[in-house]
Amino acid sequence: MKLFGISTVLCTLPLLSAVNALHFYFESNEKKCFLEELPSDTIVEGHYKAYLWNEGANEWKMDDEMGIHVSVEELSSGHTVVNTRGPPDGRFTFTSHEPGDHNICLHSNITGGWLSTQHIKLYLDINVGSSKADVQGDLSHVSTLSSKLRDLNSKVEDIQREQRYLREVEATFRDASEATNSRAIWWSLAQIFVLVGAGVWQMRYLKIYFEDKKLR
């Protein structure tokens, strides 16, 4: 069993992906964090299941008294978009307000003792982008073709959000490049003016010097 340190970034999930399932192990006094790069106005849904290791039964069991705390922070603005505690089998949903990296952290309310901690196994599913409609619960009973068209429209919206985010990143990089080029041009012009001024001053000084020598 491989254990990671507190607040270790485990992985970076794909931007526009289907539901990605993973599981990991950690101690009851640890916190696990994920770094997720998102465009603005993107819906993210997460579903987790946490199990405690039962030494007596030698198996993983779900404890209803255990709670899982979920927090999500936008690193660019420092704004916390999610700060909630749920059951060992729970869900969380949030919408990104600013483009960039989002820090998703989970930890349990079980702290253990000074000399011992409890082992936790956590399954996590994260869905980035608009959530898929529940066809079975749809009272309108749309046709299969309509459902596929709706899914395609949802994917197009996700792609458009990603493109807007890439344009924002490109605009920021372009502004930085233009500012750097502008400073380089002004620095070159300043050097030229200094050299020209120094040349003019030397010519005038030499002219006065030679004229003074002739008079003597």
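## Nonpolar surface patch

A residue is called buried under 20% relative accessible area, exposed over 50%, and partly exposed in between. In this predicted model, Val200 has a relative accessible area of 44%, so Val200 is partly exposed. The residue is found in helix 1, which covers residues 144-215.

Val200 also belongs to a nonpolar surface patch of about 740 Å².

## Disulfide

The structure holds 1 disulfide. It joins Cys33 to Cys105, with an S to S distance of 2.1 Å. Cys33 lies in strand 3 and Cys105 in strand 9 (residues 100-108), so the pair ties together parts that are 72 residues apart in sequence.

The torsion about the S-S bond of Cys33 and Cys105 is about 105°, and the disulfide is therefore right-handed. Both Cys33 and Cys105 are buried.

Ser40 sits in the loop between strand 3 (32-38) and strand 4 (43-54). Its relative accessibility is 15%; because the limit for buried is under 20%, Ser40 counts as buried.

Conventions: Residues numbered from 1 in each chain as written. Predicted model: local features only at pLDDT ≥ 70, side-chain atom pairs only at ≥ 80, totals over all residues. Heavy atoms only, no water. Patch = residues over 30% accessible without salt bridge, like charges linked within 9 Å, V, L, I, M, F, W, Y side chains within 5 Å. Areas by Shrake-Rupley, 256 points an atom, 1.4 Å probe, with all protein chains shown as cover. Salt bridge = Lys/Arg side-chain N within 4 Å of Asp/Glu carboxyl O. Helix = DSSP H or I, 4+ residues; strand = E, 2+ residues; numbered from the N terminus. Buried < 20%, exposed > 50% of the residue type's maximum accessible area, 1.4 Å probe, protein only. Disulfide = S-S within 2.5 Å.
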